[in-house]
Amino acid sequence: MSLLSKTAAELADLLAAGETTSVALTQAYLDRIAEVDTHLHAFLHVDAEGALAQAAASDARRAAGELLSPLDGVPIAVKDVLATSGLPTTCGSKILEGWIPPYDATVVARLKAAGLPILGKTNMDEFAMGSSTEHSAYGPTRNPWDTDRIPGGSGGGSAAAIAASEAPLAIGTDTGGSIRQPGAVTGTVGVKPTYGGISRYGLVAMANSLDQAGPVTRSVLDAALLHEVIGGHDPKDSTSIDQPLPALVAAARQGASGDLTGVRIGVISELRGEGYQPGVEQRFDEAVALLTQAGAEVVEVSCPSFTHALAAYYLIMPSEASSNLARFDAMRYGLRVLPDGVADPSAEEVMRATRDAGFGDEVKRRIILGTYALSSGYYDAYYGQAQKVRTLISRDFEAAFAKADVLVSPTAPTTAFKIGEKLDDPLAMYLNDVATIPANLAGVPGISVPAGLAPEDGLPVGFQVLAPALADDRLYRVGAALEALLEKQWGGSLLSQVPEVTA
Amino acid sequence: MTETLLSFEDALAQFDPAMGLEVHVELNTNTKMFCGCPTEFGAEPNTQVCPTCLGLPGSMPVVNRTAVESAIRIGLALNCQIAEWCRFARKNYFYPDMPKNFQTSQYDEPIAFDGWTEVEVDGETFRIEIERAHMEEDTGKSTHVGTTGRIHGADYSLVDYNRAGIPLIEIVTKPITGTREQAPAVARAYVAALRDILLGLGVSDVRMEQGSLRCDVNLSLAPAGSGTLGTRTETKNVNSLRSVERAARYEISRQAALLAAGSTVTQETRHWHEDTGVTTSGREKSDAEDYRYFPEPDLVPVAPSREWVEELRAALPEPPREKRARLQAEWGYSDLEMRDVVAAGAIPQIEETIAAGTTAQAARKWWMSELARRANEQGVELAELPVTPAQVAAIQALVDAGEINDKLARQVFDGVLAGEGSPEEVVKARGLAVVSDEGALSEAVDRAIAANPDVAEKIRDGKVAAAGALIGAVMKDMRGQADAGRVRELILEKLA
């Protein structure tokens with residue numbers, strides 16, 4: 001267990017010191033997965049053979065002195081929404097059951113090029129639609145802090161895998177909060193980089209203008225290390241930014257000193273109050289106080305358009321999703337269902353039967369919403385208006401960033417809720433993302449850092465830091481500072497308090 | 001079901017036709033619109049595909065810069081404005097040959113808009129206003145296998161995605177009105193003019209029979225002189241110049257019959273049948289298909305710099321119409337001669353033959369008579385004959401040098417076309433050079449005079465025109481291998 005409680009940076013140090021090998025490390029995580037994943041269901045697919053082969057190759061490179069990156073040999077888990085050549089990629093949907101992509105997502109290709117063995121693919125809400133991972137067609141993932149509770153979503157699998165030490169690193173994707181909100185409710189670190197900072201090539205799109213892959217880790221430094229591996233321009237993604245990443249690892253190391261003198265921090269007044277759990281607000285306020293003590297200048301900022309963010313998001317996201325998901329038609333790959341009692345069915349009948357059987361309710365709900373919002377006669381009132389709100393939100397960010405270097409808020413309004421609690425109430429489910437969505441709409445980067453446990457339920461609370469586009473380094477500086485100050489109080493990482501996983 | 005038709009003349013007496021022409025041009029870029037797959041025509045099905053053009057989950061498009069350049073050049077050649085900033089949009093609809101079930105196209109922000117071009121029909125010039133030219137990707141190709149060859153009644157259908165993602169430019173005219181009885185001819189002339197412009201730009205193979213240029217004919221009728229627009233039909237699958245004209249003509253007669261009988265025209269898609277020369281109803285469009293267009297979020301806007309646009313404008317080739325006028329003046333052809341040359345598609349051949357040193361009249365003579373006849377006999381285009389303009393020029397040079405005459409030249413063409421080698425080689429191998437041996441020629445003339453005493457007598461009496469008969473006899477005797485001019489001189493000398 002001592003190996004498994006270490007951060008990726010610490011594991012990299014152990015590998016460098018020759019105190020362990022990538023094969024030993026990878027085997028330890030595979031054993032851990034075998035031990036606890038029957039209870040947690042964080043993984044949809046484990047590739048023991050492939051991971052061990054990649055680990056052995058890493059060990060050989062180390063012996064030859066030909067390391068590919070600082071994380072060479074440290075294993076990783078990948079959310080099942082990224083295409084992995086030779087490994088199943090289902091997006092948590094029945095419609096892609098058994099599909100094995102013939103190509104790697106750029107993020108995956110970069111992980112391989114950096115020498116990280118891929119342990120397997122993590123569970124998620126179907127096509128990343130949800131905030132609890134309950135919408136996975138393959139069953140929910142459970143929160144290691146309390147297995148009756150949700151691990152957040154859509155990337156609950158990646159977050160739970162980190163929290164339960166099933167992997168030292170993981171990749172998530174964040175369209176409205178799917179990295180940060182699971183991070184918050186599982187006590188892990190999650191980063192949504194600047195839109196365009198990480199290639200989306202091979203990321204099965206929910207909403208192309210919002211989606212962004214990013215790190216899910218135990219520590220802020222780990223996230224920076226991983227971010228530098230996967231980030232940067234990719235000619236296969238036209239929306240990827242053609243300029244170098246800022247120095248993220250350096251920023252994390254600088255922040256870890258705990259000194260934030262001269263940093264201006266804006267507390268967003270719209271992202272608190274009604275709907276926010278008292279324990280969440282308490283931990284948030286304490287964290288802000290800590291940052292003030294560390295030398296930061298804290299100001300209150302108002303972003304009035306944020307109150308419309310959720311509504312705009314639930315028009316733009318389903319609109320794009322309805323179009324993205326049209327390709328699942330049983331013609332070329334994935335599920336094919338023949339309609340009952342129809343002799344010699346037409347292509348349209350097979351499409352209909354397949355989409356009916358292959359998509360879950362939440363996916364169908366969003367396809368219907370999006371199809372409606374884009375329909376002629378409604379486009380201006382819905383999609384058009386939502387785009388205007390999006391512009392207003394960007395302007396609010398611009399104004400706020402004129403007053404502050406970073407903005408902060410609780411990551412999620414509540415701690416992890418019980419499995420099944422909000423399943424029949426989509427609106428309540430959607431509200432989980434109220435604080436994370438504005439960053440996606442504006443394309444700015446955000447991080448969720450553990451802020452402690454809520455006094456009333458003993459469950460993790462997340463602290464969100466947002467920075468201007470391309471200034472991802474600020475997330476790491478402020479996030480690492482907060483992490484260092486809090487861990488000093490706790491006498492270790494929050495994850496060291498995760499209870500042993502049982503059924 | 002046979003449609004009732006009104007005669008074209010009766011239709012025009014009562015109604016004014018209005019047309020809108022939508023032409024899809026496949027660009028001849030090496031790679032597809034949004035991925036690096038090759039675009040070669042005729043490859044084994046589904047061998048020129050990748051995750052992007054197959055629409056695999058997670059794949060993303062990247063715009064082909066050459067396709068954008070071609071689109072801008074087409075826009076400029078059609079006198080269009082070029083957008084400073086435009087986006088791609090998704091056109092959403094389900095069809096098995098569409099890998100993503102949306103087509104990446106352009107909607108309200110085309111790359112080129114507000115242009116015009118001119119066409120000429122029977123000496124009258126018509127200005128065609130261009131609404132827009134936009135970029136999009138082609139779909140895959142469905143083949144319905146079964147007795148009908150159509151989707152209904154097919155045993156099964158095959159889809160070839162090689163075509164999916166090939167760059168297309170869709171060029172849409174504004175309503176073309178006021179063309180009256182010339183409407184079908186104007187439609188044809190416009191598509192022909194467009195083909196010439198595209199050929200001149202070198203951006204497309206423009207082979208209608210291979211589908212690299214496809215035309216949809218929108219047509220409506222309004223009461224003559226009313227100045228209004230009626231309900232239109234959109235006739236698809238019109239894939240030859242002749243068909244464009246015939247389809248327009250057919251729709252005028254068909255719609256006129258409906259309207260004249262007090263019925264109405266249904267707004268619908270119709271299919272043109274090349275074999276029977278009729279259009280039949282496709283799907284109705286009355287409930288206006290909703291394509292749910294929205295800007296493609298996977299692509300950044302296309303914003304061609306003004307410098308680039310001006311560079312492309314400066315490098316445009318001479319427009320075909322202007323080039324034609326210039327060449328006609330340079331070559332000294334009559335209007336009629338030039339029209340025939342244009343109709344035969346012989347301009348490039350004649351131009352190159354002249355460039356190789358032949359006079360304009362001689363170049364026209366060979367291409368428009370001797371070679372046009374042979375092309376016609378073989379059912380091929382002039383360009384497809386296995387003879388080059390340089391060879392034609394070489395043959396004329398042999399004539400000019402007196403080594404062969406026109407009659408022998410025809411035999412040289414036979415040899416060249418039969419692949420016997422260069423004109424010089426054919427002359428040598430077939431022994432076609434004119435006989436310049438004065439002695440042999442003189443003997444042949446003597447024989448002809450002896451054999452035709454009456455004719456010789458007439459010439460002696462000053463009827464020089466009768467010499468033709470003797471020249472014919474000599475040429476026959478010499479099996480054509482004599483210089484007719486020299487033969488004439490010898491005859492007149494001997495009978496002086």
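**Exercise 1.** How many Å separate the centres of domain 2 and domain 3 of chain B, taken over C-alpha atoms?

*Solution.* Start with the bounds, which come from an automatic or database domain assignment: chain B has domain 1 (8-312), domain 2 (318-430) and domain 3 (438-494). The centres of domain 2 and domain 3 of chain B, over C-alpha atoms, are 31 Å apart. Next, look at the contact, where two residues count if their C-beta atoms, placed from the backbone, lie within 7 Å. Domain 2 of chain B gives four residues to it, and domain 3 of chain B gives four residues.

A friendly reminder before going on: this is a predicted model, in which local features need pLDDT of at least 70, side-chain atom pairs count only at pLDDT 80 or more, and totals for chains, interfaces and linings use all residues. Residues are numbered from 1 along each chain as its sequence is written, while chains are lettered from A and ligands numbered from 1 in the order in which they are written.

**Exercise 2.** Which residues does the contact between chain B and chain A take, by class, on the side of chain B?

*Solution.* First, the contact draws 24 residues from chain B and 33 residues from chain A. Then sort the chain B side: 15 are nonpolar, four polar and five charged. Here Ala, Val, Leu, Ile, Met, Phe, Trp, Tyr, Cys and Pro count as nonpolar, Asp, Glu, Lys and Arg as charged, and the others, Gly among them, as polar.

**Exercise 3.** Which residues of helix 10 of chain A meet helix 12 of chain A?

*Solution.* In helix 10 of chain A they are Y314(A), L315(A), P318(A), S319(A), E320(A), A321(A) and S322(A). Their partners in helix 12 of chain A include R366(A), I367(A) and L369(A). By class, the residues of this helix 10 to helix 12 contact in chain A are eight nonpolar, four polar and two charged.

Key. Helices (H or I, at least four residues) and strands (E, at least two) are DSSP runs, numbered from the N terminus.
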